[in-house]
Amino acid sequence: MNRILLDILKRLPRCRVAVVGDLMLDRYLWGQATRISQEAPVPVVLVKRENHVPGGAANVARNVLSLGGKVSVYGCLGDDEEGRNLSALLKEAGAETQGVVTIPGGHTTVKTRVLAGNQQVVRVDRENPGEILPEVRQKILKALEEDLSSGKVDALVMEDYAKGIFTREFMAQVAALARSRQVMSTLDPHPSHPFDVNGLTLMTPNRMEAFALAEMPYVPGMGDPLHDAALAKAGRVLLQRWQSELLLITLGAEGMALFRPGVAEPMVIPTRARQVFDVSGAGDTVMATMTLAICAGASHSLAASLANEAAGVVVGYVGTRAIEAGELEQVLREQA
């Protein structure tokens, strides 16, 4: 099968993706902790270096680009140093950012992670969702509509991190635009937004998000997704409520489960991760890879398999990281 996946990987650069959602900057402070603070029982981290990478919806865009696809980004940033930093990172990676609205006096969403060695000590978030007013969403929607009308988009990805971009109305408007242009639409949902927007091609929640969106008490995995009755019920509920063509629930160490309407049992794809250091951004990699693969003509099952392989690579690194086409190709060849 890996030879087939390699062929799909070669076709990914032909695809053009629009990514709409909550743009974030991920900041990493790397250092060492050799003592405990006298002020409180917490480690003192002596910072040695600092780096910034695109996060949230911006990380999905980065994954699309690193796999060879083309991407246009739609969202908003604050008029601050972090916003300018993230905008520069996206442009340097090759993203089109005409659909990114700058909010005067606004603040960019930033996640700051402090690491001692390879161990995350604390994460500090800064976000101001109340700054995203209806007129900002209308500017984003207008830019998206113009690009969809021009025929420059093959697929649309919605990344909802509950940082202020998405309301039920806005998500429905974006999905309707994609349908009107016969463009596939995909959604990485947030459990606090049970919007039940219909007409999506693909949804990619993780297990915890799937149970929350299905309004079911969370049940941890039992090690056998194919015979996991609670997981199967959550999948059926989500397919019925959202009426998406595909539902891919990521299951961490248990792999993934692909649900399709009219198919009684999910297709279970075992994880391919060789080692797991950090799952940050793995869902973004899954979304980008699966969307590109479907655009490139892959079957749903093969697209999910390629996404699973990609996720297995990125979780082996510390920090948010995009999958590179070259390293994914190498992994597939080694397994062929």
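At what angle do the axes of helix 1 and helix 9 cross, and within what distance do they come? In this predicted model, the axes of helix 1 (residues 2-11) and helix 9 (residues 300-314) come within 10 Å and cross at roughly 85°. Since angles of 65 to 115 degrees count as roughly perpendicular, helix 1 is therefore roughly perpendicular to helix 9. On the helix 1 side, the contact is made by N2, I4, L5 and I8, and helix 9 contributes L302, S305, L306 and E309. Sorted by class, that contact has 5 nonpolar, 2 polar and 1 charged residues.

Let's step back to the whole chain. The protein has 10 helices and 13 strands, and its C-alpha trace spans about 60 × 45 × 40 Å along the principal axes. Its radius of gyration is 20 Å, which agrees with the value near 20 Å for a compact globule of 336 residues. Of those 336 residues, 55% count as buried. Among contacts with a separation of 6 or more, 71% come from residues 24 or more positions apart.

Nine of them, in the order 5-4-1-8-9-10-11-12-13, form an open sheet with mixed pairing. Strand 5 (96-103) and strand 13 (267-269) are the edge strands, each pairing on one side only. Strand 5 pairs with strand 4 (residues 70-78) in the parallel sense over 6 bridges, and here G75 stands opposite V100 in strand 5.

Finally, look at a helix packed on this sheet's strands. Helix 5 (residues 168-180) lies across strand 1 (16-21), strand 8 (155-159) and strand 9 (184-188). Relative to strand 8, helix 5 runs at about 170°.

Key
Residues numbered from 1 in each chain as written. Predicted model: local features only at pLDDT ≥ 70, side-chain atom pairs only at ≥ 80, totals over all residues. Heavy atoms only, no water. Pairing = 2+ DSSP bridges. Helix = DSSP H or I, 4+ residues; strand = E, 2+ residues; numbered from the N terminus. Contact = heavy atoms within 4.5 Å. Axes fitted to C-alpha atoms, helices over the stretch in contact; angles between N-to-C directions. Parallel < 35°, antiparallel > 145°, perpendicular 65-115°, else oblique. Nonpolar A, V, L, I, M, F, W, Y, C, P; charged D, E, K, R; others polar. Rg over C-alpha atoms; globule rule 2.2 N^0.38 Å. Buried < 20%, exposed > 50% of the residue type's maximum accessible area, 1.4 Å probe, protein only.
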